[in-house]
Amino acid sequence: MERPATLCPTALRRRIALPAALVAGALMALSAPSLAQQTDASQLPEGNSPEEVAQRKTANEQQAEFASSQLQNNANSQAEYDRRLKEVEEAKDKIAADQAAAQAAYEAEKAKREQDYQAAMAKWRDDVEACKAGDLAKCGASPAVQP
């Protein structure tokens, strides 16, 4: 397969600019007839007539209202996002706190069991030493003899 030749930056810009110009020209050609139909010279008054000013003012007011509603919607969406993000962060913090409390409870139970085990082993060792020394009260019951 043959590798395409690399283009210099100028040739590359021309190659990109040409389709863009064609698209822009096509859009203008498509919109030109509709603009011509809408702006028939006989229908529009000349200059800045009161009607044109009123139409422009109305259009500007409508656009300002639309932009204002968009800004309000954006602010509401941002507030809702922030509220939900705060809820998620609080839930994550609660999970972390619950995990820390569970881990602490586990470690405390583990330490208590180890302490109980060490105390039982120390008592057993003491009982064994006392039994060997002759204190029969400290000797445990003999295991049952198996036949």
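Mentor: Terms to begin with. Buried means under 20% relative accessible area, exposed over 50%, partly exposed in between (1.4 Å probe, protein chains only). This is a predicted model: local features need pLDDT of at least 70, side-chain atom pairs count only at pLDDT 80 or more, and totals for chains, interfaces and linings use all residues. Residues are numbered from 1 along each chain as its sequence is written, and side-chain values use heavy atoms, with hydrogens and water left out.

Trainee: Which residues in helix 2 are buried?
Mentor: Glu 52, Asp 127 and Ala 130. Across the protein, buried residues make up 3% of the 147.

Trainee: How many helices and strands?
Mentor: 2 helices and 0 strands. Those are DSSP runs, H or I of at least four residues for helices, E of at least two for strands, numbered from the N terminus.

Trainee: What span should helix 2 have?
Mentor: Its 83 residues, 50-132, should span 123 Å at 1.5 Å a residue. The expected span is 1.5 Å times one less than the number of residues. The end C-alpha atoms are 121 Å apart, which agrees.

Trainee: What comes just after helix 2?
Mentor: Gly 134, with a positive phi of about 115°.

Trainee: Which cysteines form a disulfide?
Mentor: Cys 131 and Cys 139, sulfur atoms 1.7 Å apart. The cut-off is a pair of cysteine sulfur atoms within 2.5 Å.

Trainee: What is its handedness?
Mentor: The S-S torsion of Cys 131 and Cys 139 is about 100°, so the disulfide is right-handed. Cys 131 is partly exposed at 27% relative accessibility. Cys 139 is also partly exposed, at 23%.
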